[in-house]
Amino acid sequence: MIIEINQDIDRYQETVALGLTARQLVFSIASVVVGGGVVLLLYPHIGLTGSAYVAIPCVAPIALRGFYSFNGMNFYETMGRKLHFLFQNKTLTYLSTEGEPAIKAVETGRDGPKRKRGKGRRAKIKESGGK
């Protein structure tokens with residue numbers, strides 16, 4: 001008897017209705033209710049197109065809350081981390097130990113005796129007759 005088990009068991013999601021998880025279903029219903037309410041309230045004042053444009057920014061965060069997932073985090077956790085790293089992260093500074101005096105010392109040769117350049121590895125191999 002062979003029982004097939006999904007290799008990625010951590011990402012398994014049980015569907016409730018229409019292939020959606022319970023979280024996705026709740027937030028999709030909430031986004032439809034909020035979007036419909038905004039459109040119905042603003043339709044007499046600014047028309048259908050204008051009310052739809054106003055409803056989209058109201059509905060998007062609700063829908064993202066239910067459907068967005070990145071590395072096991074939902075939308076608000078991901079954006080919270082991004083904002084934290086954007087504004088509250090410590091600035092890393094680099095202090096060089098090779099300042100201007102050290103560079104000039106190397107250029108003028110005051111760092112010690114220079115080594116003599118000998119024959120390279122290839123020249124030594126050719127002299128010995130090997131590879």
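This is a predicted model: local features need pLDDT of at least 70, side-chain atom pairs count only at pLDDT 80 or more; totals for chains, interfaces and linings use all residues.
Helices, as the term is used here, are DSSP runs of at least four residues, numbered from the N terminus. The protein has 131 residues, of which 13% are buried, and contains four helices and zero strands.

**Overall architecture**

- Read from the N terminus, the order of elements in the protein is α-α-α-α.
- Among contacts in the protein with a separation of 6 or more, 34% join residues 24 or more positions apart.
- The protein has an accessible surface of about 12100 Å². Carbon and sulfur atoms account for 60% of that surface.

**The segment before helix H1**

- Helix H1 spans residues 22-67, and Ile3 is located in the segment before this helix.
- Ile3 has a relative accessibility of 64%, and because exposed means over 50%, this residue is classed as exposed.
- Together with Met1 and Ile5, Ile3 forms a nonpolar surface patch of about 460 Å².

**Ser51 in helix H1**

- Ser51 belongs to helix H1.
- The relative accessible area of Ser51 is 0%, and since buried means under 20%, Ser51 is a buried residue.
- A polar atom of the Ser51 side chain lies 2.9 Å from the backbone oxygen of Gly47.
- When residues up to four places away in sequence are not counted, Ser51 touches Val38, Val39, Leu42, Tyr43 and Ile46.

- One salt bridge is found when the whole structure is searched.
- This salt bridge links the side chains of Glu100 and Lys104, with an N to O distance of 3.6 Å. That distance meets the criterion, because a salt bridge requires a side-chain nitrogen of Lys or Arg within 4 Å of a carboxyl oxygen of Asp or Glu.
- Glu100 is exposed, as its relative accessibility is 58%.
- Lys104, at 45% relative accessibility, is partly exposed, because this class lies between the limits of 20% and 50%.

Conventions
Residues are numbered from 1 along each chain as its sequence is written. Side-chain values use heavy atoms; hydrogens and water are left out. Patches are made of residues with over 30% relative accessible area and no salt bridge: like charges are joined within 9 Å, nonpolar side chains (Val, Leu, Ile, Met, Phe, Trp, Tyr) within 5 Å. Accessible areas come from the Shrake-Rupley method with a 1.4 Å probe; for residues, only the protein chains shown count as cover. Helices (H or I, at least four residues) and strands (E, at least two) are DSSP runs, numbered from the N terminus. Buried means under 20% relative accessible area, exposed over 50%, partly exposed in between (1.4 Å probe, protein chains only). Contact means heavy atoms within 4.5 Å. A polar contact is a pair of N or O atoms within 3.5 Å; within protein, one must be able to donate a hydrogen and the other to accept it, and residues adjacent in sequence count only if both atoms are side-chain atoms.
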